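Dear colleague,

Here is the structure for you to look over. My notes on it follow below.

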Amino acid sequence: MQFKSSLSFAKLIILIASLLTYHSVQSETALLNTSGLSKASSLSCDFFHGSWVYEDSYPLYDSANCPFIDPEFDCQKYGRPDKLYLKYRWRTTTCDLPRFDGKDFLTRWRGKKIMFVGDSISSNQWQSLLCLLHASVPGSKISSEKRDPLSTVTFEEYTVSVMYYRKPYLVDVVTESIGHILKLDSVSSGSIWLSADLLIFNTWHWWIHNGAASQGWDYIQDGDKILRDMNRLEAFSKGLTTWAKWVDSSVDVNTKRVFFQGISPTHYQIRWSRQQTKCIRNF
């Protein structure tokens with residue numbers, strides 16, 4: 001089996017982290033002075049069009065020295081022989097993103113909470129950001145609590161909490177007498193999510209899993225109808241619409257930021273190991 005992409009989906013956390021810097025809750029003037037970009041270029045920059053370019057000074061952290069990566073997510077530990085994939089950064093077409101500075105990031109987000117919500121893609125991104133921050137402030141006091149569905153790591157000196165809430169569908173899966181039901185019109189975790197100042201969501205690949213053990217539910221509830229199954233793209237659309245309506249009705253965009261991650265390549269396809277495993281491709 002081969003990789004679906006030559007570059008790591010985990011590298012996207014660099015872009016996300018840079019965007020968080022631009023959208024930090026501090027004043028725009030302070031951000032511009034720190035970033036080194038002119039006001040016009042920072043406001044007009046298209047972050048989403050560009051290319052991955054070779055950067056000899058990368059990676060920004062060593063996975064072997066990061067205490068937050070689940071062992072089975074570490075590509076180097078599990079025998080990936082090449083390291084070239086660690087040497088790429090995102091370069092936008094119209095402007096230059098500042099190099100990620102973990103200490104500056106923590107200073108900007110002092111006293112705030114950042115939460116990733118979704119499936120293993122969000123988990124990988126959460127771990128990657130933690131590794132980036134840990135490498136920048138290796139001596140900082142850190143506390144952590146890892147539970148299901150919510151795990152939290154706090155950088156005590158900065159009172160910054162970086163959290164992961166496991167919610168593969170974003171909408172609810174509830175247990176009732178007939179089994180596990182995926183409810184396309186229900187979001188019950190919103191009050192917990194709203195405790196964060198910045199939210200990064202993702203969902204996709206669980207929607208196309210087949211078989212009760214893999215998909216995580218026995219039935220789908222669509223309005224008043226309880227279904228054994230339905231068109232998965234239609235279910236995904238309805239579930240994502242429910243989530244989007246929750247964002248529109250519940251999130252105060254004057255005090256909080258929301259990102260939604262796009263669909264990433266599969267992270268199960270490998271050919272450099274006999275054992276199939278998920279693997280965070282650190283950078």
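Two strands are counted as paired if DSSP finds at least two bridges between them. Please keep in mind that this is a predicted model.

Strand 8 (residues 179–183) and strand 10 (residues 219–222) run parallel and are joined by three bridges. Tyrosine 219 in strand 10 is the bridge partner of isoleucine 181.

Confidence comes next. The average pLDDT of the protein chain is 82, and 78% of the residues score at least 70. For residues 21–42 the pLDDT is below 50, and this stretch has 35 contacts in the model beyond near neighbours in sequence. Residues 274–283 also have pLDDT under 50, with 52 contacts beyond four places in sequence.

Now the charged side chains. The structure holds 10 salt bridges. One of them links arginine 89 and glutamate 55, at 2.9 Å from N to O. Arginine 89 is in strand 2 (residues 88–92) and glutamate 55 is in the loop between strand 1 (50–54) and strand 2, so the pair ties together parts that are 34 residues apart in sequence. Arginine 89 has a relative accessible area of 25% and is partly exposed.

Arginine 147 pairs with glutamate 145 in another salt bridge, with the closest N and O atoms 3.1 Å apart. Here arginine 147 is exposed, at 59% relative accessible area, while glutamate 145 is partly exposed at 42%.

Glutamate 176 and lysine 183 also form a salt bridge, their closest N and O atoms lying 3.5 Å apart. Glutamate 176 is partly exposed, with 38% relative accessibility. Lysine 183 counts as buried because its relative accessible area is 15%, and the cut-off for buried is under 20%.

Last, lysine 167. This residue sits in the loop between strand 6 (160–166) and strand 7 (172–176). Lysine 167 is buried, with a relative accessible area of 11%. Apart from neighbours within four places in sequence, lysine 167 is in contact with Val117, Gly118, Asp119, Asp172, Ser188, Ser189 and Trp193.

Regards

Note on methods: Residues numbered from 1 in each chain as written. Predicted model: local features only at pLDDT ≥ 70, side-chain atom pairs only at ≥ 80, totals over all residues. Heavy atoms only, no water. Helix = DSSP H or I, 4+ residues; strand = E, 2+ residues; numbered from the N terminus. Buried < 20%, exposed > 50% of the residue type's maximum accessible area, 1.4 Å probe, protein only. Contact = heavy atoms within 4.5 Å. pLDDT = per-residue confidence, 0-100. Salt bridge = Lys/Arg side-chain N within 4 Å of Asp/Glu carboxyl O.
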